[in-house]
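Dear colleague,

I am passing on a structure that I have been looking through, and my notes on it follow below. Please keep it open beside you as you read.

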Amino acid sequence: MPRLAVIVVAAAIVFWIYTIVDCALFDRLRVRGLAKGWWVAIAVLLPVVGGVLWFMIGRGRRSAVRSHGGQFAPDDDPEFLRRLGTDAQQEDRIRRLEQELAELDDETDASGPTAPEHPAEPGDPGAGHPSRGDRGPRDAPDSGDSPGRSHD
């Protein structure tokens, strides 16, 4: 019989500590009945009875989060379901724009080479040298007679 009493007392202490920790760390938006601080006080002052009251009355259920704007599964979230229509519209618009862009690319390929976007100016060192392309003076290969260099 004394062993049973020790086991029951140990279980009551573990339940009491678990109740206090659970009550203290529980989301305050899901607590029912009293404020969270009051529930902690009840759990501390009334070890087993306070724990039973906490789990029966004070501890809210997960479904209570929805009323406070908590997380939903995507198929239950009205905002997500509303956005599905706009996402489909955006994808359709992107698809049309990509198709128009592909048509424009096909037209420019069929018309042949076009003039360069930035025509060379008379003072440009790359002007008149097709091998240099659009390279500027910094990109041009160094020749042995460039000014400011001494050759030893």
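This is a predicted model: local features need pLDDT of at least 70, side-chain atom pairs count only at pLDDT 80 or more; totals for chains, interfaces and linings use all residues.

Two residues count as being in contact when they have heavy atoms within 4.5 Å of each other.

The chain has 152 residues, of which 10% are buried, and its secondary structure consists of 4 helices and 0 strands, in the order α-α-α-α along the sequence.

I began with helix α1, which covers residues 2-25, and checked its length: at 1.5 Å a residue its 24 residues should span 34 Å, and because its end C-alpha atoms lie 35 Å apart, the two values agree. The buried residues of α1 are Thr19, Asp22 and Cys23, and the elements that cover them include α2 (36-45) and α3 (47-58).

The crossing of α1 and α3 is left-handed. On the α1 side the residues that meet α3 include Phe15, Thr19, Asp22 and Cys23, while those of α3 include Val48, Trp54 and Phe55.

Trp54 deserves a separate look: leaving aside neighbours within four places in sequence, Trp54 is in contact with Thr19, Asp22, Cys23, Phe26, Val31, Trp39 and Arg59. The largest nonpolar core, with 5 residues, consists of Trp54 together with Cys23, Phe26, Val31 and Trp39.

With best wishes

Notes. Residues are numbered from 1 along each chain as its sequence is written. Side-chain values use heavy atoms; hydrogens and water are left out. Helices (H or I, at least four residues) and strands (E, at least two) are DSSP runs, numbered from the N terminus. The expected span of a helix is 1.5 Å times one less than its number of residues. Buried means under 20% relative accessible area, exposed over 50%, partly exposed in between (1.4 Å probe, protein chains only). A nonpolar core is a set of buried Ala, Val, Leu, Ile, Met, Phe, Trp, Tyr and Cys residues joined through side-chain atoms within 4.5 Å. A crossing is left-handed if the near helix is turned anticlockwise from the far one by less than a right angle, and right-handed if clockwise.
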